[in-house]
Amino acid sequence: MSEQPNIRVLLVDDEENLIEFMSKRLLKQGFTVKAAFSGEAAIKVAETTHFDVAVVDLKMPGMDGVETQHKLKEIQPFLQCIVLTGHGSIESALESGQEDAFNYLLKPVDHDKLVAAIKDAYKKKVEVQDKKFKEQVEALYASGLGAHGIRKAIGELRKIYGID
Amino acid sequence: MESTKSLSSELTKVTREVASYKIELDQTRKYLHCVLQNSTDIIFMTEITGLLVSFSKGAEKALGYAMEEVIGRPVKDLSEDAESFEALMVKSRLKGNVSAPEIHFRHKDGTRVHCHISLMELINREDNRVGTIGVCQDITRWKKLQEDLVQIDRLAEMGRIASGVAHEINNPLAIINEASGWAEEVITDAKGLNPDDREELKETVRKINLQTRRCRNITHKLLDFVRDSAPTRAEFDIHSLLKDTVDLLRPELKHTAIEVEFAFSQESLPITSDPRLLEQVFVNLVTNAIHAVLENGKGNGHIKIQTIRTDSGVDVSIEDNGGGIPEEARASIFTLFYTTKPPGKGTGLGLSICRNIVKNLGGELSYQSKIGAGTTFTISIPTPK
């Protein structure tokens, strides 16, 4: 467990009982977990806290999983979303242009599968983020800013990328 | 002399005319005969008291009687409700003609024949009523179709309800799944637990887990089956699809003594087709096999599912040791709405839909049957080269 990186997971589902047990198990397995019981609450949390992976239920009252996922990605572009869906709605989710979800899992989800999916999503997030970070840092060096300017700009980037 | 001549020419003229009328009459007679012989409608004629004097071929076919059997009998005796039929005859006498959207005749074999009927009075040259002509269309198939549509609609509704229920069950199931998983971890870590108790608790929770997974398989399979989407093409292993199909039907097999044998080809057989549609075909055929074996009532029920690679693709055969398909039913088994099952038990859709699906997938559905020995259905699925 100690070798596992600190993966920050945001769980979004209106089924409070489900979230309770799911987060307990994930916490015990070494994940950093935050729970939100609605799409709206998830957006609020994401405005102040960085996450690597969001697990979002597709069907929720109010803001549904599709919209929540969209908004989360607007706030944190590198965040990877795993969408939990009832059976049969995978196609409809894909059709409505939600292919940018990292993965779709059928409810009830096998816990081991969920953990594996979160880890894969995290890898993807790091990969995409590193690539972009490198590109931007290189662009910074190429821009001819002085040492002070570069340090300041990198500080800004760190903030955007949620790198502590 | 002159008058004799004119009389003679008049006679010749009349003779010619009579000959031409005779030809015309002959033609009309042939025409009527042809209509009576070939119309599928029930056409009959009665004399004034309602005794049959003519009975068309269509009538013979629809009601099962030969003409000689019914000529001279009151036509009302052929109907289910002689009194109402008589009332209709009286009405036609008063009004000249009358029709009714539905009356019931009784076929010689005792079954009901639904008919639309028109009755017309037959009047002679002197304007006297000499009998009645009846023309009836057999609408039994149409009535059956209507009843079946109601049944199909009910089944479709059941499907919708079942998928809604399955969806709803998935949520609490997800909670049980996570809660029992958590309990397992708590039990593992709990301090001061007697080892035997710990093992027992763990085992209990594992059982909860296992049963939850079982429920999930059921709900997922059910939703998979009900969901409708456009035909797809995917590569998959036919053997696992067949095993899944039998798993889906386990509840039906559970309280029977039927043994299902898989006689799969040694090599794995990946095929490219629509797995969901093929599953529907397999579910139908295996269900039919189960019913065939159960109806037969023998103790040693056996269903053998075999796969063979062929030159063009894969052959899947489903063999049962039921009673076989009766000779008289064979011509109709692929006909839409044909069923040998009691009312409410079968829609007569299964095989005809199966054949359509297999045809649409570019394959073929065939069967072999032997009375007392059983039936084998074979689905030939082509593999694209």
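The model is predicted, so local features are given only at pLDDT of at least 70 and side-chain atom pairs only at pLDDT 80 or more, while totals for chains, interfaces and linings use all residues. Residues are numbered from 1 along each chain as its sequence is written, and chains are lettered from A, with ligands numbered from 1, in the order in which they are written.

## Chain A

Chain A contains 6 helices and 5 strands. Helices (H or I, at least four residues) and strands (E, at least two) are DSSP runs, numbered from the N terminus. Along the sequence, the elements of chain A follow the pattern β-α-β-α-β-α-β-α-β-α-α. Of the 164 residues in chain A, 35% are buried. A residue is called buried if 20 or more other C-beta atoms lie within 10 Å of its own, exposed if 12 or fewer, and partly exposed in between, with C-beta atoms placed from the backbone.

The 5 strands form an open sheet in the order 2-1-3-4-5, with parallel pairing. Two strands pair if DSSP finds at least two bridges between them. Strand 2 (32–36) and strand 5 of chain A are at the edges; each has a single partner strand, so one side of each has no neighbour in the sheet. Neighbouring strands of this sheet are turned by 20° against each other on average, direction ignored. Strand 4 (residues 80–85) of chain A pairs with strand 5 of chain A in the parallel sense over 4 bridges. In this part of the sheet, T85(A) stands opposite L106(A) of strand 5.

Helices also lie across the sheet strands. Helix 2 (residues 39–48) of chain A lies across strand 1 (8–12) and strand 2, and runs at about 155° to strand 1. Helix 3 (residues 65–75) of chain A lies across strand 1, strand 3 (53–57) and strand 4, and runs at about 160° to strand 3. Axes are lines fitted to C-alpha atoms, for helices over the stretch in contact, and angles run from 0 to 180 degrees between N-to-C directions.

The largest nonpolar core has 41 residues, of which V9(A), L10(A), L11(A), V53(A), A54(A), V55(A) and I118(A) touch the most other members. A nonpolar core is a set of buried Ala, Val, Leu, Ile, Met, Phe, Trp, Tyr and Cys residues joined through C-beta atoms within 7 Å. Leaving out residues up to four places away in sequence, I118(A) touches I7(A), V9(A), V53(A) and I82(A). Another core, of 25 residues, lies apart from the largest one and has I271(B), A289(B), I318(B) and I379(B) among its members. In soluble globular proteins, nonpolar side chains tend to be buried together.

## Where the chains meet

In the interface, 17 residues of chain A are in contact with 18 residues of chain B. Two residues are in contact if their C-beta atoms, placed from the backbone, lie within 7 Å. Helix 1 (residues 16–28) of chain A gives the most to the chain A side, with 7 residues. Helix 1 of chain A and helix 5 (residues 140–189) of chain B pack at an angle of about 35°, with their axes 8 Å apart. Residues in this helix contact include F21(A) and R25(A) from chain A, and I175(B) and W182(B) from chain B.

## Strands of chain B

| Strands | Sense | Bridges |
|---|---|---|
| Strand 7 (residues 259–263) and strand 9 (residues 302–309) of chain B | parallel | 5 bridges |
| Strand 9 and strand 10 (residues 313–320) of chain B | antiparallel | 7 bridges |

F262(B) stands opposite I305(B) in strand 9 of chain B, and R309(B) stands opposite V314(B) in strand 10 of chain B. A hairpin joins strand 9 to strand 10 of chain B through 3 residues.

## Local features

A cis peptide bond, with omega about -10°, joins K107(A) and P108(A). P108(A) is in the loop between strand 5 (103–106) and helix 5 (111–142) of chain A.

D127(B) is not a glycine, yet has a positive phi of about 70°. D127(B) counts as exposed because it has 6 C-beta neighbours inside 10 Å.
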